[in-house]
Amino acid sequence: MRYFAKFVTLCAFFTICTILFCSSAFAQEKTDHLATEILTKKNFKGTALYGFMNGGSDLYYEYGFKELDVTQLNATFIFNGALVTEKYTVEIYKMETPQGAFGLYSTHVHKFLKRDQYGFFDCMTNYQLQSCVAAEYISIVFDNSTAQAREGADLLYKNYLNQLQEPIKFAVPEIVTAKLGESLSGRLKLVQGQIALNNSAQDLYPLFEGFTTFNVWFTNEFEGEELFYKAVIQFPTADDAQKFAKKNAGSKISDDFAPAVIQVLSDTELLLCLQ
């Protein structure tokens with residue numbers, strides 16, 4: 001009788017899946033045993049982001065923010081043989097470029113339980129799954145720090161990926177990532193302006209005084225007990241690149257670092273090494 005009751009429960013669950021996924025923002029025929037119930041859904045465009053965030057919006061605009069979809073939902077799925085429900089807040093930030101989406105993602109990656117599991121940039125912490133795909137930065141937040149809640153976040157994310165067409169690719173400078181292996185989340189960052197630079201690479205901030213528009217792809221790894229920066233810097237004009245190289249070649253940002261070594265990669269690209 002107990003097994004029959006469990007069978008009936010599972011049959012009912014798959015019926016619910018069919019109904020709920022017809023109206024879900026994450027609807028997909030291949031549900032991977034996941035059903036969603038939308039609780040609230042909001043959209044923010046342009047300067048409306050200032051009303052959504054309690055500070056910090058300028059960083060998003062610096063990376064090219066266009067639009068935000070915020071969805072609160074209940075997700076029902078099978079975990080360890082039982083039917084369970086968890087609540088999630090899903091935020092999808094639509095950016096102007098894939099690079100902007102990655103840059104925003106890279107500034108939010110710190111400690112994580114796992115990373116780069118699905119062929120894209122993604123990371124899981126105790127209360128959040130983050131990713132960037134094409135020109136979107138995705139955040140899935142949950143209140144319970146449990147394996148069950150993380151499993152539901154994984155299912156939501158995989159369902160999101162199942163709906164994608166061929167994602168837009170973007171180039172990552174190989175000279176920076178050559179020795180990092182396949183998992184780059186938490187190790188490679190992209191800053192696109194003074195706010196991001198101050199948040200993610202304060203050591204480098206003095207080098208960019210007087211410059212407002214730039215991309216900096218960088219890693220900061222420890223070699224023994226010493227912190228080592230390697231960065232590809234992209235400027236909009238050759239004139240800016242020349243001014244930066246002239247201003248900073250051989251300069252010291254602090255007594256903790258040796259003089260900066262700058263190599264010209266192209267008219268608008270420089271390689272910066274600091275140790």
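In this predicted model, seven strands form an open sheet in the order β1-β2-β3-β7-β6-β5-β4. The pairing is antiparallel. Strands β1 and β4 (114–115) stand at the edges of the sheet. Each has a single partner strand, so one side of each is left without a neighbour in the sheet. Helix α4 (residues 98–108) packs on the sheet and touches β3, β5 (121–124), β6 and β7. The direction of α4 makes about 155 degrees with that of β6. A further helix, α5, lies across β1, β2, β3, β4, β5, β6 and β7. It runs at about 50 degrees to β3.

Strand β2 (residues 65–79) was examined next. Eleven of its 15 residues are buried, so β2 is largely enclosed by the rest of the structure. With strand β1 (residues 34–45), β2 pairs in the antiparallel sense over eleven bridges. Threonine 36 has alanine 75 of β2 as its bridge partner. Lysine 41 is bridged to threonine 71, also in β2. Strand β3 (residues 82–95) is joined to β2 by 14 bridges, and these two strands run antiparallel. Here phenylalanine 65 stands opposite methionine 95 in β3. The hairpin of β2 and β3 has two residues between the strands. Within this hairpin, asparagine 80 takes a positive phi near 50 degrees.

Helix α5 (residues 147–162) has 16 residues, which at 1.5 Å a residue should span 22 Å. The end C-alpha atoms of α5 are 22 Å apart, in agreement with that value. The buried residues of α5 are Ala149, Gly152, Ala153, Asp154, Leu155, Leu156, Tyr157, Asn159, Tyr160 and Leu161. An α-helix has 3.6 residues a turn, so residues three or four places apart point the same way.

Alanine 135 is placed in the loop between β6 (128–133) and β7 (136–142). Its relative accessibility is 16%, under the 20% limit, so alanine 135 counts as buried. The C-alpha atoms of alanine 135 and methionine 95 are separated by 5.3 Å, although the two residues are 40 residues apart along the chain. Beyond its neighbours within four places in sequence, alanine 135 is in contact with Tyr93, Lys94, Met95, Thr97, Pro98 and Ala101.

Glutamine 130 lies in strand β6. At 2% relative accessibility, this glutamine also counts as buried. The side chain of glutamine 130 reaches the backbone oxygen of histidine 108 at 3.3 Å. Leaving aside neighbours within four places in sequence, glutamine 130 is in contact with Tyr105, His108, Phe121, Asp122, Cys123, Tyr137 and Ile138.

The largest nonpolar core has 52 residues. Those with the most contacts inside this core are Tyr93, Leu204, Phe208, Phe235, Phe244, Leu272 and Leu274. Phenylalanine 244 touches Leu207, Phe208, Phe211, Ile233, Phe235, Ile262 and Leu270, not counting residues up to four places away in sequence. A second, separate core has 22 residues. Among them are Val84, Ile140, Ala149 and Leu155. Ala149 and Leu155 are also among the buried residues of α5.

Note on methods. Residues are numbered from 1 along each chain as its sequence is written. This is a predicted model: local features need pLDDT of at least 70, side-chain atom pairs count only at pLDDT 80 or more; totals for chains, interfaces and linings use all residues. Side-chain values use heavy atoms; hydrogens and water are left out. Buried means under 20% relative accessible area, exposed over 50%, partly exposed in between (1.4 Å probe, protein chains only). Helices (H or I, at least four residues) and strands (E, at least two) are DSSP runs, numbered from the N terminus. Two strands pair if DSSP finds at least two bridges between them. The expected span of a helix is 1.5 Å times one less than its number of residues. Contact means heavy atoms within 4.5 Å. Axes are lines fitted to C-alpha atoms, for helices over the stretch in contact, and angles run from 0 to 180 degrees between N-to-C directions. A polar contact is a pair of N or O atoms within 3.5 Å; within protein, one must be able to donate a hydrogen and the other to accept it, and residues adjacent in sequence count only if both atoms are side-chain atoms. A nonpolar core is a set of buried Ala, Val, Leu, Ile, Met, Phe, Trp, Tyr and Cys residues joined through side-chain atoms within 4.5 Å.
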